[in-house]
Amino acid sequence: MSAFSAIKILQPPPFAARSASDKSPDTLKSAVPFLGSTSRLLRSPHSGALASSSSSSSSRRCSVVAVAEVVKQKKAKSNLLVTKEEGLVLYEDMILGRSFEDMCAQMYYRGKMFGFVHLYNGQEAVSTGFIKLLKKEDSVISTYRDHVHALSKGVSARAVMSELFGKATGCCRGQGGSMHMFDKEHNLLGGFAFIGEGIPVATGAAFTSKYRREVLKEACDDVSLAFFGDGTCNNGQFYECLNMAALWKLPIVFVVENNLWAIGMSHLRATSDPQIWKKGPAFGMPGVHVDGMDVLKVREVAKEAIERARRGEGPTLVECETYRFRGHSLADPDELRDPAEKAHYATRDPIVALKKYLTENNLATEPELKAIEKKIDEIVEDAVEFADASPHPPRSQLLENVFADPKGFGIGPDGRYRCEDPGFTEGTAQV
């Protein structure tokens, strides 16, 4: 039995079969109460596996999924949600994300980084819970809060830190910076500074996978993950891509990192219906709400959503209700959020929760976890030393990766970049 088939599913009958006497479904509260949460989910008289892809009518039915009983069903088979090895991998990845971001704050305030830097503290369960289930060939498309997504996908701490320092050894050779991480080797297809602009890229990557499999007849089951926040879910690109992904049954998972705030705007004040997961069924795909402060719950939902996509059963929309422990960026004094709200979520730290689970279930000892923390401290320190010692990009790199036409603005008739001319920075009138 799959995780999705074990939980509450809304499968309304086709429109023609509904009558005026139909009753509205009962409501069911989420298993974990969140401060300001809007997660009141729908109970259905129907339950069972998701609609089969063999019927066009059934594929159009709405499949709304609540996460309240995923863990309960898992425990029926086993007392443990992860093995020792899996648990230690999750813990190490989350510690890496948190320690790296804490170091970024230090380096920013010491003047080593410039521009806007958005940290991921508090949201580690989402990145780790999803990305550590992927293959190297799978694609991840991020936002401006992208450092930890890059680390989870396998990009080295050295490469990410160097990029933040604007050095030539960064994953984008110092030209991307904090909000534009990219790594071809690990299929990290970019962080994006403007909200929503990464979703079409992720949808295109999913289309590529489907085209390779169904048209080119290649053995390709690659999946795309699109990460974005609650503030993005009122943008047009989000809806356009949900429609296209559902229409073509693309292998993509739309992951909403709902940290309840879009800069200084409360999610509850910004949208007519704050329950983002309900937007999935409107386009004929499953919509899932999960506790984004619990990596094990996120992992259970992520596993089924990714496997669905890999099997060719189409997209899933997953709303992870989480919280960031810092301001919107390091330039944000974070004075708009209620101190009581911040204190509430501080008690639900996802790393502390995982550590407690591992030790209470004898999956890890305190010395083992301390050894992981020491290892990560050394990795982060090494990343800073490496980035600081790395060279800045040469001036000749200025227009690389901008112009492709040999006869265009950036490349001269001799095939050399114009910016290699020693007089290039003296003015552009002669260009």
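# Helices, buried residues and contacts in a predicted model

Modeller: The protein has 14 helices and 11 strands, where helices (H or I, at least four residues) and strands (E, at least two) are DSSP runs numbered from the N terminus. This is a predicted model, in which local features need pLDDT of at least 70 and side-chain atom pairs count only at pLDDT 80 or more, while totals for chains, interfaces and linings use all residues. Residues are numbered from 1 along each chain as its sequence is written, and side-chain values use heavy atoms, with hydrogens and water left out.

Colleague: What percentage of the residues in the protein is buried?

Modeller: A residue is called buried when its relative accessible area is under 20%, exposed when it is over 50%, and partly exposed in between, with a 1.4 Å probe and protein chains only. The protein has 431 residues, and the buried share of them is 51%.

Colleague: How much of the contacts with a separation of 6 or more comes from residues 24 or more positions apart?

Modeller: A contact here means heavy atoms within 4.5 Å. Among the contacts in the protein with a separation of 6 or more, the share that joins residues 24 or more positions apart is 74%.

Colleague: Which cysteine has the sulfur nearest to that of Cys172?

Modeller: The structure holds 0 disulfides, a disulfide being a pair of cysteine sulfur atoms within 2.5 Å. The nearest cysteine sulfur to Cys172 is 4.4 Å away and belongs to Cys171.

Colleague: What span does helix α14 reach from its first C-alpha to its last?

Modeller: Helix α14 runs over residues 366–389 and has 24 residues. The expected span of a helix is 1.5 Å times one less than its number of residues. For α14 the expected value is 34 Å, and close to this is the span that the helix reaches, 35 Å.

Colleague: Which helices do the buried residues of α14 pack against?

Modeller: The buried residues of α14 are Leu369, Ile372, Glu373, Ile376, Val380, Ala383, Val384 and Ala387. An α-helix has 3.6 residues a turn, so residues three or four places apart point the same way. The helices that the buried residues of α14 pack against are α3 (84–109), α6 (157–164) and α13 (350–360).

Colleague: Why are the buried residues of α13 said to be on the same side of the helix?

Modeller: In α13 the buried residues are Pro350, Ile351, Leu354, Tyr357 and Leu358. They are placed on the same side because the arc they cover around the axis, taken from the directions from the helix axis to the C-beta atoms, is only 125°.

Colleague: Which exposed residues sit on the face of α13 turned away from its buried side?

Modeller: The buried residues of α13 are covered by elements that include α3, α4 (124–131), α11 (295–310) and α14. The face turned away from that buried side carries the exposed residues Val352 and Glu360.

Colleague: Which residue caps the N-terminal end of α13?

Modeller: At this end of α13, a side-chain oxygen lies 2.8 Å from the backbone nitrogen of Ile351. The capping residue, to which that oxygen belongs, is Asp349.

Colleague: With which side chain does the side chain of Arg299 make a polar contact?

Modeller: Arg299 lies in helix α11 and is buried, because its relative accessible area is 8%. A polar contact is a pair of N or O atoms within 3.5 Å; within protein, one must be able to donate a hydrogen and the other to accept it, and residues adjacent in sequence count only if both atoms are side-chain atoms. At 3.3 Å, the partner of the Arg299 side chain is the side chain of Glu86.

Colleague: What distance separates the C-alpha atoms of Leu330 and Val117?

Modeller: Leu330 is in the loop between β11 (316–321) and α12 (339–346), and it counts as buried because its relative accessibility is 9%. Leaving aside neighbours within four places in sequence, Leu330 is in contact with residues including Tyr108, Val117 and Leu119. Leu330 and Val117 are 213 residues apart along the chain, yet their C-alpha atoms are separated by 5.8 Å.

Colleague: How far apart are the C-alpha atoms of Thr203 and Ala245?

Modeller: Thr203 is found in helix α7 (residues 198–214), and it counts as buried because its relative accessibility is 2%. Thr203 and Ala245 are 42 residues apart along the chain, and the separation of their C-alpha atoms is 6.7 Å.
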